[in-house]
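Q: Hi, could you walk me through this structure? I'd like to go spot by spot.
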Amino acid sequence: MCPLAKDTVSFGANAGAKIIDEATPLLEGFKPNQIEDFNNLSPNKLVLVHRTNYLPMNGQIKGIKDATKDEEGSSQYRSTIHFSLNHPVWGHAHGDWEEMKYAIIAPMAGILSANKKENIVGGQLIDFFIKGNVNLPENTVIVRHNPSIKEGKLKVIDASSEIGFENTKGIKIVESANPDIGEVTSMVIDKMGYSEIGTLDRKTPECWDKFAKKYGYYSGWHSYSPLGRSESLISCIKFASIGGDTWLKDEGIVDYQKEFLTVIDEIKIAAKSKNIELSYDIDTMKNIIEESQTPSKALERIKNEMHLIPIDTFKMDEQSSTGSCYRIINLVLGIDDMMKEQIQTVS
């Protein structure tokens with residue numbers, strides 16, 4: 001961990017940029033803030049890390065729902081923005097962030113102050129999620145690649161000197177010649193004075209559960225949460241339309257119209273019990289599913305009446321097999337018995 005030291009970077013009145021050595025212990029404005037007791041986590045010891053291909057213009061990370069809105073006001077539906085805590089996110093079955101251009105590192109305490117309390121949901125150390133667009137606080141650092149930087153050096157820029165960031169305050173951009181943004185992010189977390197957690201959460205999840213309970217956050221996986229399941233519901237209706245465009249499967253043995261309506265009831269009960277406000281009117285969704293003869297008709301009404309379009313977390317297209325479409329539905333919505341047990345565990 002980095003010792004107490006003063007950074008060599010200072011910004012003048014013109015908010016320019018400076019080159020520093022990678023060996024510089026701390027960035028200006030930061031002090032050692034390591035986690036000393038993992039059984040006593042607090043927001044001021046944590047940073048939220050978000051990897052993306054889009055710069056947070058005007059100091060705000062825009063969610064997919066706002067970023068994809070078309071001329072008719074319809075947008076791909078995902079109401080949450082996701083972060084890992086004190087480490088860059090790792091690739092997994094649902095995504096790979098290795099090729100992302102930017103990493104945004106924001107002090108958690110600042111995030112809590114800059115955003116509405118009801119939008120801070122929770123999750124896990126490797127997947128903490130917030131509803132809506134996220135305002136970035138002072139002392140946020142954006143990491144990006146710059147091949148013109150000399151090896152062993154970092155370029156530190158006051159973001160307010162860049163186009164699109166003129167009205168921001170206290171946000172820095174750190175550039176490195178290292179193309180591995182994840183590796184640079186880990187280094188910058190340390191230079192911000194924080195502990196780089198790594199895989200600690202996999203070994204001691206009880207530390208996170210204790211923290212979440214203390215501060216009133218949801219503790220569980222996004223995909224099993226009421227928000228995650230409500231986000232996936234629209235995509236799963238699309239999968240059903242691809243897989244034959246019928247609610248009935250296996251000669252009527254499985255009625256997916258009925259299954260979707262059951263899932264909606266489960267989502268409503270879980271959201272109420274955990275005091276999580278959903279981001280769309282799920283009763284309208286329920287009525288549309290009940291009244292639609294086919295999944296494609298439901299999708300059409302969801303777009304026209306709710307202005308929502310499915311987001312394809314799982315890559316499915318018209319060439320996908322019927323079996324694979326329904327397997328994804330069972331997995332994502334927790335329709336099969338094994339997934340139901342997982343969801344009940346965190347509900």
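A: Happy to! One term to start with: contact means heavy atoms within 4.5 Å. This is a predicted model, where local features need pLDDT of at least 70 and side-chain atom pairs count only at pLDDT 80 or more, while totals for chains, interfaces and linings use all residues. Residues are numbered from 1 along each chain as its sequence is written, and side-chain values use heavy atoms, with hydrogens and water left out.

Q: Great. Which residues is Thr52 in contact with, leaving aside its neighbours within four places in sequence?
A: Those are Met100, Lys101, Tyr102 and Ile104.

Q: And where is Thr52 placed?
A: Thr52 belongs to strand β2, residues 47-52. Strands (E, at least two residues) and helices (H or I, at least four) are DSSP runs, numbered from the N terminus.

Q: Is Thr52 buried or exposed?
A: Thr52 counts as buried because its relative accessibility is 10%. Buried means under 20% relative accessible area, exposed over 50%, and partly exposed in between, using a 1.4 Å probe and protein chains only.

Q: What does the side chain of Thr52 reach?
A: That side chain reaches the backbone nitrogen of Tyr54, at 3.0 Å.

Q: Switching topic: which residues of helix α9 are buried?
A: In α9 the buried ones are Pro295, Ala298, Leu299, Ile302 and Met306. Viewed down the axis of α9, they fall within an arc of 100°, so they line one face of the helix. The arc is that of the directions from the helix axis to the C-beta atoms.

Q: Why would that spacing work?
A: An α-helix has 3.6 residues a turn, so residues three or four places apart point the same way.

Q: What do the buried residues of α9 pack against?
A: They pack against α6 (226-242), α8 (282-291) and β16 (308-309). After α9 comes His307, with a positive phi near 60°.

Q: How many disulfides are there?
A: A search of the whole structure finds 0, a disulfide being a pair of cysteine sulfur atoms within 2.5 Å. Cys207 is buried at 7% relative accessible area, and Cys236 is buried at 0%.

Q: Last one: how many residues of strand β12 are buried?
A: In β12 (residues 172-176), 5 of its 5 residues are buried. Lys172, Val174 and Ser176 lie on one side, with Ile173 and Glu175 on the other.

Q: Which strands pair with β12?
A: Strand β10 (residues 141-145) pairs with β12 in the parallel sense over 5 bridges, and β11 (residues 153-158) pairs with β12 in the antiparallel sense over 4 bridges. Two strands pair if DSSP finds at least two bridges between them.

Methods: Polar contact = N/O pair within 3.5 Å; in protein donor to acceptor, adjacent residues only side chain to side chain.
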